[in-house]
Structure formats: C-alpha cells, structure tokens
Amino acid sequence: MGDRHNPKTEPPANVEKDPEDWISGDDPMTPAQASYLKTLAEQADDPDAYNDGLSKAEASKRIDALRGKLGL
C-alpha cells in the first residue's frame, strides 16, 4: 500500500491552471489578492501595477510578475 498516491500530501501535477482558464477568473479580485498586490507593488516601486478594478485572473498575473521582479 506504500505505492499509492495520497492527494492530501501529494497534490496532482496539474493543480496550477492558467488564470485565463479559471471559471471565476473574470470575478473581481479577492480582498487577499488586493492586499498582496498592493504590498508587492509598493515593494517593487511600481504603483501602476495595482488597480482596484482588476479581475482575479488579472490580479494573479500581476502578482506573479511582481514576485518575479522581486525575486520571490
């Protein structure tokens, strides 16, 4: 039984979807996304990266880009 895959400890390889493929990607960004994006934009000295009207998918892409820029 040791060879069985345990989804609780080993998530499947395809867990991450492109934000464009998210069912709720067009919904407004979550408060957590907004807070994190604002923090990253300040750290990266890129105030234009933050916008109140972003969708979940757009916010996710900007967060990823800023994390890359900051080396996180």
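This is a predicted model: local features need pLDDT of at least 70, side-chain atom pairs count only at pLDDT 80 or more; totals for chains, interfaces and linings use all residues.

Student: What makes Tyr-36 buried, exposed or partly exposed?

Tutor: The relative accessible area of Tyr-36 is 33%, and the middle class covers values between the 20% below which a residue is buried and the 50% above which a residue is exposed, so Tyr-36 is called partly exposed.

Student: Why is Gln-33 called buried?

Tutor: Gln-33 is also found in helix H1, and its relative accessible area is 14%; the label buried requires a value under 20%, and therefore Gln-33 is buried. With residues up to four places away in sequence left out, Gln-33 touches Lys-56, Ala-59, Ser-60 and Ile-63.

Student: How do you know that H1 and H2 pack together, and what describes their arrangement?

Tutor: H1 covers residues 31-43 and H2 covers residues 56-70, and their axes are 10 Å apart at an angle of about 35°. The crossing of the two helices is left-handed.

Student: What does Gln-43 contact beyond its neighbours within four places in sequence?

Tutor: Gln-43, which lies in H1, is in contact with Leu-70 and Leu-72 once those neighbours are set aside. The C-alpha atoms of Gln-43 and Leu-66 are separated by 9.0 Å, although these two residues are 23 residues apart along the chain.

Student: How do you know that the length of H2 agrees with what its residue count should give?

Tutor: H2 has 15 residues, and at 1.5 Å a residue they should span 21 Å; the expected span is taken as 1.5 Å times one less than the number of residues. The end C-alpha atoms of H2 are 21 Å apart, so the two values agree. Just after H2, Gly-71 takes a positive phi of about 75°.

Student: Which residues of H2 are buried, and what covers them?

Tutor: The buried residues of H2 are Lys-56, Ala-57, Ala-59, Ser-60, Ile-63 and Leu-66, and what covers them includes H1.

Student: What makes up the largest nonpolar core?

Tutor: That core has 11 residues in all, namely Met-29, Ala-34, Leu-37, Leu-40, Ala-41, Ala-44, Ala-49, Leu-54, Ala-59, Ile-63 and Leu-66. H1 and H2 each supply at least two residues of this core, and H1 gives the most, with 4 residues.

Student: Why is Asp-45 called exposed?

Tutor: Asp-45 has a relative accessible area of 68%, and the label exposed requires a value over 50%, so Asp-45 is exposed. Asp-45 is found in the loop between H1 and H2, and its phi is positive, about 50°, although Asp-45 is not a glycine.

Student: What makes Gly-53 count as exposed?

Tutor: Gly-53 lies in the loop between H1 and H2, and its relative accessibility is 63%, so by the cut-off of over 50% Gly-53 counts as exposed. From C-alpha to C-alpha, Gly-53 and Met-29 are 7.9 Å apart in space and 24 residues apart in sequence.

Student: And why is Asp-18 called partly exposed?

Tutor: At 42% relative accessibility, Asp-18 falls between the limits of 20% and 50%, and therefore Asp-18 counts as partly exposed. Asp-18 lies in the segment before H1, and its C-alpha atom is 8.4 Å from that of Ala-57, which is 39 residues away in sequence.

Note on methods
Residues are numbered from 1 along each chain as its sequence is written. Side-chain values use heavy atoms; hydrogens and water are left out. Axes are lines fitted to C-alpha atoms, for helices over the stretch in contact, and angles run from 0 to 180 degrees between N-to-C directions. A crossing is left-handed if the near helix is turned anticlockwise from the far one by less than a right angle, and right-handed if clockwise. Buried means under 20% relative accessible area, exposed over 50%, partly exposed in between (1.4 Å probe, protein chains only). Contact means heavy atoms within 4.5 Å. A nonpolar core is a set of buried Ala, Val, Leu, Ile, Met, Phe, Trp, Tyr and Cys residues joined through side-chain atoms within 4.5 Å.
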